[in-house]
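Subject: Structure for you to look at

Hello,

I am passing a structure on to you, with notes on what was found in it. Please open it first and read the notes beside it.

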Amino acid sequence: MIKAAVIGDPIGHSKSPLIHGYWIEKYGLEGSYEAIQVSSNALKEKVKSLVDQGYTGFNVTIPHKEAIMALCDEVDATALAIGAVNAVTIQDGFVTGYNTDAFGFIENILQARPGFDFEKGPAFVLGAGGAARAVIYGLLKAGAPHVILTNRTTGKADELKAEYGAALEVVDWQEKENHLANANICVNTTSLGMKSKPELEINLENLPRDALVSDIVYAPLETTLLKSAKSLGNPTVSGIGMLLHQARPAFEKWFGVMPEVTTELQDLVLK
Ligand code: NAP
C-alpha cells in the first residue's frame, strides 16, 4: 500500500490530507495520506523514520521547506532555483526533493484563463517572501519578459534581484502604483488581504484594463484586491487553485495518476 503524508508544525490547518484523500478515493487507489506534526528539532529523525517505514513520499510545509533540502539525497533543479522543497519522493531509500508551487501557480492561471499569454508583457509582483520565489520562477519560466517586484522590505526584493539580474526590476513599495502601466499580470504574494491580516492597499487605476489580477491569498476566496480589480473591469484569478494544482505533481509521483482539479474538490476545500 502506498503511504504518503504531509509534515509541518503546526499541521492541523493543512488542507493536504483533504485534497489527497479526495483523489485516493476518487481514483479508487490503495493508499493513505496523513498529517504528521514534526517539530524542527525532530525533523532529521522523522525523515529517517518515514524512509524506514516505507513511505512513498510526503509533502513538506512550514517551517521545514528550506531545512528539508539538506536532508534530501537529491534536490531537483526547480526546487534548487526556488530555494525550497514542498514534496519528496522516496525510492529504495533515496530521497528526492521537488517544488511544485510554481507549477501550481501557473496551472491555476491556465485553468481559469485558458490560453493566457504570459509572454505579452511584464508581470508585476507584490511581495518577496517564500511564495513569491515560486511565483516569480513560474512567471519567468512561463515566458514573462520580466518581473517588476515590489516589497515592503526592499532588501528582500534586492536579494531576488541579485539572483535574477535583468529579468527582475525592483520598485519602491511606496510608489508601486507608478509602475503598473505596462503590466500584463499583477500578482499579490504578500499575506495582506488574508483573513485577520491588514488589507492590501493598492490603487489599480494605472493598470491596463485587460491585465490579469491574481491573488494567491485564498481566505477569503475573493480578496479586496480581486474585488477592486473586478470593479474596474480587469479579469481576475483567485488563489485556491494554486493550492489545489500544486498538489497534483506530487500525487502523480506517488500514486501514478495525474489527478484533476474539479469544482467538487474546490468546494470541499473551501467548506
Ligand atoms: P512569507 O514568506 O512570510 O512572506 C510574507 C510576505 O508578505 C512578505 O513579502 C512580507 O513583506 C509581506 N507582508 C507581510 N505583512 C505585510 C505588511 N503589513 N505590509 C506589507 N507587506 C507585508 O509568506 P509566504 O509563504 O510567502 O506566504 C504569503 C501568502 O501567500 C500567505 O497568505 C499564504 O497563505 C499565501 N500562499 C498561498 C499559496 C496558495 O497555494 N494559494 C501558497 C503559498 C502561500 P516583508 O518582506 O516586508 O515582511
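The axes of H5 (residues 130–141) and helix H6 (residues 154–164) come within 12 Å and cross at roughly 35°. Here axes are lines fitted to C-alpha atoms, for helices over the stretch in contact, and angles run from 0 to 180 degrees between N-to-C directions. Helices (H or I, at least four residues) and strands (E, at least two) are DSSP runs, numbered from the N terminus. The crossing of H5 and H6 is right-handed, that is, the near helix is turned clockwise from the far one by less than a right angle. Arg 133, Ile 136, Tyr 137 and Leu 140 of H5 touch Leu 160, Glu 163 and Tyr 164 of H6, where contact means heavy atoms within 4.5 Å.

This is a predicted model, in which local features need pLDDT of at least 70 and side-chain atom pairs count only at pLDDT 80 or more, while totals for chains, interfaces and linings use all residues. Residues are numbered from 1 along each chain as its sequence is written, and side-chain values use heavy atoms, with hydrogens and water left out.

H5 also packs against H4 (residues 101–112): their axes come within 8 Å and cross at roughly 60°. H4 and H5 are therefore oblique to each other (under 35 degrees counts as roughly parallel, over 145 as roughly antiparallel, 65 to 115 as roughly perpendicular, and the rest as oblique). This crossing of H4 and H5 is right-handed. On the H4 side, Asp 101, Ala 102, Phe 105 and Ile 106 take part; they meet Ala 134, Val 135, Tyr 137, Gly 138 and Leu 139 of H5.

Next, the ligand. Of the 21 residues around the ligand, those that come nearest are Ala 131, Asn 151, Arg 152, Thr 153 and Ile 216 (a residue is near if one of its heavy atoms lies within 4 Å). The side chain of Arg 152 has an N or O atom 2.9 Å from an oxygen atom of the ligand. For Ile 216, a backbone N or O atom is 2.9 Å from a ligand nitrogen atom.

Last, the backbone. Most residues other than glycine have a negative phi, and most peptide bonds are trans. The bond from Ile 62 to Pro 63 is cis, with omega near 10°, and Pro 63 sits in the loop between strands S3 (57–60) and S4 (74–75). Ala 219 and Pro 220 are also joined by a cis peptide bond, with omega about 10°. Asp 92 has a positive phi, near 50°.

Regards

Note on methods. A polar contact is a pair of N or O atoms within 3.5 Å; within protein, one must be able to donate a hydrogen and the other to accept it, and residues adjacent in sequence count only if both atoms are side-chain atoms.
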